[in-house]
Amino acid sequence: MKGNFLENERVALFIDGANLYSAARALGFDIDYRRLLKVFSEKGRMVRAYYYTALIEGQEYSAIRPMIDWLEYNGFAMITKPAKEFTDAMGRRKIKGNMDIELAVDVLELAEHLDHVILFSGDGDFRRLVEAVQRKGLRVSVVSTIKSSPPMVADELRRQADDFIELSELAPLIARNPSERTPRPAVAANGHRDTEDYSGDAPSEHLMRSA
């Protein structure tokens with residue numbers, strides 16, 4: 001994997017779940033989140049790994065909880081909020097679930113404890129955040145792709161980052177094996193869920209894609 005990492009630097013991952021999911025799907029693969037965390041944990045001292053997603057109002061929570069539990073148990077901090085449904089001027093039903101503010105606040109609050117921020121998003125709205133963090137002396141790597149059509153990363157964000165990690169080049173290290181069967185939640189006879197492995201699931205298949 002290409003990337004400029006320094007020995008023993010403090011690293012944190014900030015994953016825009018909907019954006020990363022869309023980028024990976026545009027490249028034709030699903031992410032194994034256990035492998036992803038392992039790859040970046042080997043590049044420095046992992047401080048935190050955050051995953052951000054919005055939940056559709058009224059969505060069956062029991063279907064989502066096992067996956068959230070798995071990600072939390074396996075080293076991710078899940079940041080969620082309800083998505084909002086509205087009707088636009090054309091009478092079309094829209095769902096809004098933007099997590100930009102939550103992600104930005106966490107980056108800024110954690111900045112003093114970090115040396116390197118790894119941002120998994122191509123959203124150009126984060127350019128100003130990247131600039132602010134750099135002024136605090138941190139380096140920022142952006143993970144997204146320019147190989148999709150259209151490219152998933154905003155040019156201004158890619159240029160602002162200290163380093164850009166192309167998702168298609170990262171794919172061999174973090175992609176789920178297509179031959180692996182994706183497990184689903186199971187409920188035991190005693191009412192407790194059996195242990196499930198969600199390493200191969202793409203969380204945004206179950207959770208809200210941000211609008």
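**View 1. Ser168 sits within helix α7, which spans residues 167-174.** Helices here are DSSP runs of H or I with at least four residues, and strands are E runs of at least two, each numbered from the N terminus. The model is predicted, so local features need pLDDT of at least 70 and side-chain atom pairs count only at pLDDT 80 or more, whereas totals for chains, interfaces and linings use all residues. Residues are numbered from 1 along each chain as its sequence is written, and side-chain values use heavy atoms, with hydrogens and water left out.

**View 2. The surroundings of Ser168 include Leu27 and Lys147.** Ser168 touches both of these residues, when residues up to four places away in sequence are not counted (contact means heavy atoms within 4.5 Å). The side chain of Ser168 also makes a polar contact, at 3.0 Å, with the side chain of Glu166 (a pair of N or O atoms within 3.5 Å, one able to donate a hydrogen and the other to accept it within protein, residues adjacent in sequence counting only if both atoms are side-chain atoms). Ser148, 20 residues from Ser168 in sequence, lies 9.0 Å from Ser168, C-alpha to C-alpha.

**View 3. An open sheet of 6 strands runs in the order β3-β2-β1-β6-β7-β8, with parallel pairing.** Strands pair if DSSP finds at least two bridges between them. The edge strands, β3 (77-82) and β8 (163-166), each pair on one side only.

**View 4. Strands β1 (residues 10-16) and β6 (residues 116-120) pair in the parallel sense over 5 bridges.** Val11 stands opposite His116 in β6.
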